[in-house]
Structure formats: C-alpha cells, structure tokens
Amino acid sequence: MAHAMMRSATNYGTGEHVALLVQKYGGTSVGTIERIKAVAHRVAATRAAGHDVVVVVSAMAGETNRLLDLAAKISAQPNPRESDVLVSTGEQVSVALLTMALLDLGVPARSLVAHQVRVSTDGVFGKARIKSIDARRMREVIAARGIPVVAGFQGVDADLNITTLGRGGSDTSAVAMAAAVKADVCEIYTDVDGVYTTDPRICPAARKLERVSYDEMLELASLGAKVLQIRSVEFAKRYKVPVHVRSSFSDEPGTWVVPEDPSMEDVLVTGVACDLNEAKITVLRVPDRPGLASQIFTPLANAHIVVDMIIQNASEEGFTDLTFTVPRTDHAKALSMVQAVAPEIGARGVASDMSIAKVSVVGLGMRSHAGIAARMFDVLAGEGINIQMISTSEIKVSVVIDAKYAELAVRVLHKALIEDGLSETSA
Ligand code: ASP
Ligand code: MG
C-alpha cells in the first residue's frame, strides 16, 4: 500500500494521469526575480504534463520581517488591524509577479488575493483562523484551463477586514485551499528537501523520511522541526489532505505527510526532536492540599501562558515540589506570577532554570512496543546525562535535560534508536 502511494506520488508531473495539485511556494522559493521565474517554469511544466494546478505563494523571503520592522518604527504598539493591512501586502506582491512570469510563458494565470477567493477567517488580527474558503472562483479559473495564483497568509473577516494567519501561515492557506478544491495533493515547496529523522545540522547521520503520519508530524512540528506550520498539519489531518514537503531547488521527491497505515507501526522511532525554547519553574515545598495546583495554574492560563510539562513529586511530610515548563518568551511573566502566589499558598519559594532542553523521541510504533522509554533512559545514562523531567504520550517520550547536553543527547539517541536498526523490525 505504501509503495503504491509512493509510486503514484512520483508519477505527478510525468503526465501519466491528470491530477489536481496545490503547489505552495515559500519565501525563499520566490525570494528573487530569478527564483520567481524558476517557479513559473515549474508550474508551467506541471500544467504541460496535463495537470490542473492551484498555486499558493508566500511573501518574498525577508519581506514580512521588513514590513513588521516598518510598523515597529512607526509605533511601539502597532494597531493590529493596520498591521495586518501592512503585512498582507507581501503576498500581494508575490502573486502579481509570479502571475506576470506565467503569462510571459504563455500560461493563462490569474492572481487572486484573499477577498477575491473569499478566504473567510475569524477577526483575530495577526493569528486569524480560517473558517471557510469559497472554491468557486478558483474552479472557474481551472475550468478555463487557467492557473489561479492565490495569496497565502491572508484572509478577510466577517466585516471584510484584512486578517493574517500568523507566521508561516501560508502553509495553512495552501492545505486549506487543497481541502476546498479537493486536490489530490498539496505540495509544499521550501528550501529544505523534506522532513528529517532529526536536525541534520546537529546530527549528520539524519536522513530524510519518505513519509510520516499526521500525528507524528504534529509531534515533530510542535517539538521544533519547523518545516510546516502546525495548524497546516492539523488541517491536513482533519481533511485527509496528502501533503508533500519538497524542495523547489530540485526535482527529488521530498517527504509525504499522510494518513496512517498499519505498516507505519513497524517503525518504532521515526524521529528525535529537540526544543530549546522552554524554561523550567519549580515551586518549592508546597503544602500538599487540594486546590493548590489550581491556584498556581489558573492565573497562568488566564494570561494565555501555555504550560507544557508538569510534574509533582510524591508528597513527603505533607509537602511537595511542583515543577513545570513554559515557553522561554513567557518565562519572566510566569515567574513573577508564581512568585506572587507562592507566599499565599505557603510554598517555601520558587526556583527557575532557563538553560534546559526538551529532547523527544516520536514514533507510531511506540503504541504497540514497550521498552522504548527504558532504552532512551539507558542511552542517556550511558552518557552521564541527568534527566530532570519526563513526560510521555502514546507516540512520544520527552525528557528535560541540561541544555548543554542537548546536541549530544540528540546524537546518541538518534544512533541508538534510529541508526542502529532498532526501528527497522525484521525488514
Ligand atoms: N509571509 C508570512 C511569514 O513570513 C507567511 C508565510 O511565509 O508563510 O510568516
Ligand atoms: Mg514557511
């Protein structure tokens, strides 16, 4: 089954059957005039092979940052509505330029921005969520054998205000368009050639995955493998859109992000991820009474601080230590909130640590195979790396360690759990 899928995948572009493809080109793929022309040639070739294409583009590399910088120079707190009017222009530039390049190649392309497609979102400026997409306009262009070139990242709310979907949001635009037009595949063209078993800059033995399930990708994406915006993977999972992450700089197949099939459980560990963006807070010697955890965590939740791992040690003489992690960017705020409640709840004090790393192993095979966590702890112990916190889910084991051992941990875990064949049962 897996092979059938890979075969049909590599057939795209060879003209063996007609498909409807969404092709999304990220910022580096349209970063220069030459790159935009190269993208136009790729789109034209896909169409020449007989396929229908919807193109979704990001702003040219660096453009969104440039626009945000302008806003920051005008105002200490730029108005969110106007900020979205500003940053959405990056994508408008890209769709116009790419469409011109396609027209020059004789391809009947037509640019569309969000209000023309009608990408409807909620009204949360800067991180709007897509509510619906009207596929009619795109279908009309396709029916006339033209190519809709759609601006990613942007939408319109119920009052016709321009909204944007958050950084990296054009991935989500593309997957949502693919769901709306019922595309056979959503190709995400980027500057890396796929999703790797771990970060190749840390571990040269990392290898490209042929395919990965939505759930594994969600874990890997949220753990710092920043290839796709997380929300795009949630969308793909909900609407079962096959996503092909690949490089616009080559013709090699990349990584398929797809629904699970039973053979995927044969691989015990699919990837090792490392996240250096969390900080640890410990509330010391908390009296062991009902309601205390709620007193600590409710204010954090109200402040929209996302708490990740939590551990509470076994109570000794009626006291317990409570440790949790938060995003590093929220550390100062979280710490002062917890310091404020500590005396009220009779805790002895609060300690915190910014230099931690969360290292995780992810794989569908963990569902049905015991012993991965034990093997992981064993490997870390072999290097003398102390584990400060542990958390597990059905397909993931995460540990918090001292940040200075992060790269070593990734390398030894990758070696033991992926390279040494543990993940390749029998086959
Ligand atoms: N241009 C936007 C950004 O830089 C959206 C995207 O590229 O996906 O975040
Ligand atoms: Mg991106």
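Start by selecting strand E9: both of its faces are covered, with Val185, Glu187 and Tyr189 buried on one side and Cys186, Ile188 and Thr190 buried on the other. Keep in mind that you're looking at a predicted model.

How many of the residues of E9 are buried? Colour residues 185–190 by accessibility and you'll get 6 of the 6, so the strand is largely enclosed by the rest of the structure. Buried here means under 20% relative accessible area.

Now bring in the neighbours of E9. Select residues 20–25, which form strand E1; this strand runs parallel to E9, and 5 bridges join the two. To get your bearings, click on Leu21 and look across to Val185 in E9, which stands opposite.

The landmark here is Tyr189, with Arg246 of E11 standing opposite.

Two packed helices are described by the angle between their axes and the distance between the axes. Select H3 (residues 63–74) together with H4 (residues 80–87): their axes come within 9 Å and cross at roughly 145°. Turn the view and you'll find that the crossing of H3 and H4 is right-handed.

Which residues of H3 and H4 meet? Show side chains for Thr64, Leu67, Leu68 and Ala71 in H3, then for Ser83, Leu86 and Val87 in H4. Coloured by class, this contact shows 5 nonpolar and 2 polar residues, with no charged ones.

Note on methods:
Residues are numbered from 1 along each chain as its sequence is written. Chains are lettered from A and ligands numbered from 1 in the order in which they are written. This is a predicted model: local features need pLDDT of at least 70, side-chain atom pairs count only at pLDDT 80 or more; totals for chains, interfaces and linings use all residues. Side-chain values use heavy atoms; hydrogens and water are left out. Axes are lines fitted to C-alpha atoms, for helices over the stretch in contact, and angles run from 0 to 180 degrees between N-to-C directions. Helices (H or I, at least four residues) and strands (E, at least two) are DSSP runs, numbered from the N terminus. A crossing is left-handed if the near helix is turned anticlockwise from the far one by less than a right angle, and right-handed if clockwise. Contact means heavy atoms within 4.5 Å. Ala, Val, Leu, Ile, Met, Phe, Trp, Tyr, Cys and Pro count as nonpolar, Asp, Glu, Lys and Arg as charged, and the others, Gly among them, as polar. Buried means under 20% relative accessible area, exposed over 50%, partly exposed in between (1.4 Å probe, protein chains only). Two strands pair if DSSP finds at least two bridges between them.
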